[in-house]
Structures are given as C-alpha cells and as structure tokens.
Amino acid sequence: MKILVALILVAAGFQAEAQVDLTTRFCSIHIDNRGWITSIRNTTVRPAREVGAPGESSPLLSLFNTTTGAYYYPNRARYDLRHHSMTLEYPNGSKAHLHVEQKHGEYWKMKLLSLAPRKGVDAVQWGPIHTSI
C-alpha cells in the first residue's frame, strides 16, 4: 500500500511542504520545511558522522538588500520531486525558484531560476552553511 501511495504522489507531481533529504555516495543533507539545512552527514564512514555545526541550522539561500543592509532567510520550502525543483519563500514576500538535480550520484547541482518579487533584494548567497569541519 505504501508503494502505491508513493507512486501516485510521484505521478501527480508531488510537492512536499516537508523535509527533504538530498543524498549522494558521500553525504546526506537534510533540509527542513523552512528551507534550512539542519544536518549534513558524511556517509562514507560507519556510523555516518554529522559534519553540520552542532545545534546550528543554516539557510539554503539568503537574500540581501544592500540599501537597508537587511538579510532575509527562508521561512517556507516546497520540494517538487517530479520537476526537480524547490521553491523557497521569504518573510519579505519574495519567492526563489530553484532547480535541484543530482549528478552521477556524487553531488547536487542547484541553480537559482528566478526570484520574484525582489522587493529591494539585489544580492543572493548560498548559505551561509555552518559546519564543524
């Protein structure tokens, strides 16, 4: 029954407003429903080792308004498995649309496709990502 439900969700272009794990041969990255990285695990060792900074989450993508000096961090994330995309929403009303694609099982390629409305945002930054390495 669980497999049938999973297949129906994939076929319907399932958009998860939930947590997602992006995994490769080397690591697993957990992104919560706010668009924050809450775990980065080195999966090349057993048991897998957490390399994210203890007790610290990191925004996947930050927005910056150079006029006001304000940073905006995501507060909602949706992952669309079928279209390999993610939408991040921000407190200023901006929405960032990303293409998220696994490459050869070795890494994830993320590309910012659009940001609208900009509402004064004139710079973006991946992260900052806190690690213990």
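Modeller: Start with Glu 101, which is partly exposed, with a relative accessible area of 27%. On this scale buried means under 20% relative accessible area, exposed means over 50%, and partly exposed is in between (1.4 Å probe, protein chains only). Residues are numbered from 1 along each chain as its sequence is written, and side-chain values use heavy atoms, without hydrogens and water. The model is predicted: local features need pLDDT of at least 70 and side-chain atom pairs pLDDT 80 or more, while totals for chains, interfaces and linings use all residues.

The side chain of Glu 101 meets that of Lys 103 in a salt bridge, at 3.7 Å from N to O. A salt bridge here is a side-chain nitrogen of Lys or Arg within 4 Å of a carboxyl oxygen of Asp or Glu. Side chains of opposite charge can pair when their charged atoms come close. Lys 103 is partly exposed as well, because its relative accessible area is 22%.

The structure holds five salt bridges, and the one between Glu 101 and Lys 103 is among them. Another joins Glu 106 to Arg 25, with 3.1 Å from N to O. This pair links distant parts of the chain, 81 residues apart. Glu 106 sits in the loop between strand 11 (95-103) and strand 12 (107-116), whereas Arg 25 sits in the loop between strand 2 (20-23) and strand 3. Strands are DSSP runs of E with at least two residues, numbered from the N terminus. Glu 106 counts as partly exposed because its relative accessibility is 38%. Arg 25, with a relative accessible area of 52%, is exposed.

A further salt bridge is made by Arg 76 and Glu 89, whose closest N and O atoms are 3.6 Å apart. Arg 76 belongs to strand 9 (residues 76-80) and Glu 89 to strand 10 (residues 85-89), so the pair ties together parts that are 13 residues apart in sequence. Arg 76 counts as partly exposed, because its relative accessibility is 25%. Glu 89, at 15%, counts as buried.

Now go back to Arg 25, in the loop between strand 2 and strand 3, and follow the chain into strand 3. Strand 3 (residues 27-31) pairs with strand 4 (residues 36-42) in the antiparallel sense, over five bridges. Two strands pair if DSSP finds at least two bridges between them.

With strand 5 (residues 49-50), strand 4 pairs in the antiparallel sense over two bridges. Here Asn 42 has Arg 49 in strand 5 as its bridge partner. Strand 4 and strand 5 form a hairpin too, with six residues between them. Strand 6 (residues 58-59) is joined to strand 4 by two bridges, and these strands run antiparallel. Trp 36 has its bridge partner in strand 6, namely Pro 59.

To put the charged pairs side by side, the N to O values are 3.1 Å for Glu 106 and Arg 25, 3.6 Å for Arg 76 and Glu 89, and 3.7 Å for Glu 101 and Lys 103.

Technical notes
Helix = DSSP H or I, 4+ residues; strand = E, 2+ residues; numbered from the N terminus.
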